[in-house]
Amino acid sequence: MCSSDLDDPMAIVENNGNVALLKGLENQAVVERDGRQQAVSSPWGANVGDATSEWQMLAAESIATSNQILWRYKPTNQIHTWTLDANWAWQSSSPLINRSSSQAWALESGFQLDLNGDSIIGTP
């Protein structure tokens, strides 16, 4: 993606917390923090997905000193995270996480999202 693409209007996927996740051209994931936009990159591409995608990006956030992307895997309704560097380039991935686990509750708090539909963010 060239820098001029980042100037085009973006669709907001999620904007809770300190980083907004945006959908750019061709579903490219873009994050915005303090008015600055940055394309997300990985060896597999960084498509946010849509309602028909098996993998969907749910949110982006800077948690402690780590940039993170939160994913949903539709076939099993589990979640998954990417850890990214300061330039929002993929560094590592987590295993799939059950949405009702204590690990998911911690992610709910970090991303400020109700991931299991219990109307509570964090530990119930």
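## Strands and pairing

Strands here are DSSP runs of E with at least two residues, numbered from the N terminus, and two of them pair if DSSP finds at least two bridges between them. Take Ile12, which stands opposite Leu22 in β2. Strand β2 covers residues 20–23 and runs antiparallel to β1, with three bridges joining the two.

## What you're looking at

This is a predicted model: local features need pLDDT of at least 70, side-chain atom pairs count only at pLDDT 80 or more, and totals for chains, interfaces and linings use all residues. Residues are numbered from 1 along each chain as its sequence is written, and side-chain values use heavy atoms, leaving out hydrogens and water.

The pLDDT (the predictor's confidence in each residue, from 0 to 100) averages 90 for the protein chain, and 93% of the residues score at least 70. Where pLDDT is low, the predicted coordinates should not be read in detail.

## The sheet

Four strands make an open sheet in the order β1-β2-β3-β4, with antiparallel pairing. At the edges sit β1 (11–14) and β4, each pairing on one side only.

## Zooming in on Gln38

You'll find Gln38 in strand β4, residues 36–39. Its side chain makes a polar contact (N or O atoms within 3.5 Å, one able to donate a hydrogen and the other to accept it; residues adjacent in sequence count only if both atoms are side-chain atoms) with the side chain of Arg36, at 3.2 Å. The Gln38 side chain also reaches the backbone oxygen of Asn87 at 3.3 Å.

Which residues is Gln38 in contact with, leaving aside its neighbours within four places in sequence? They are Val30, Val31, Asn87 and Trp88, where contact means heavy atoms within 4.5 Å.
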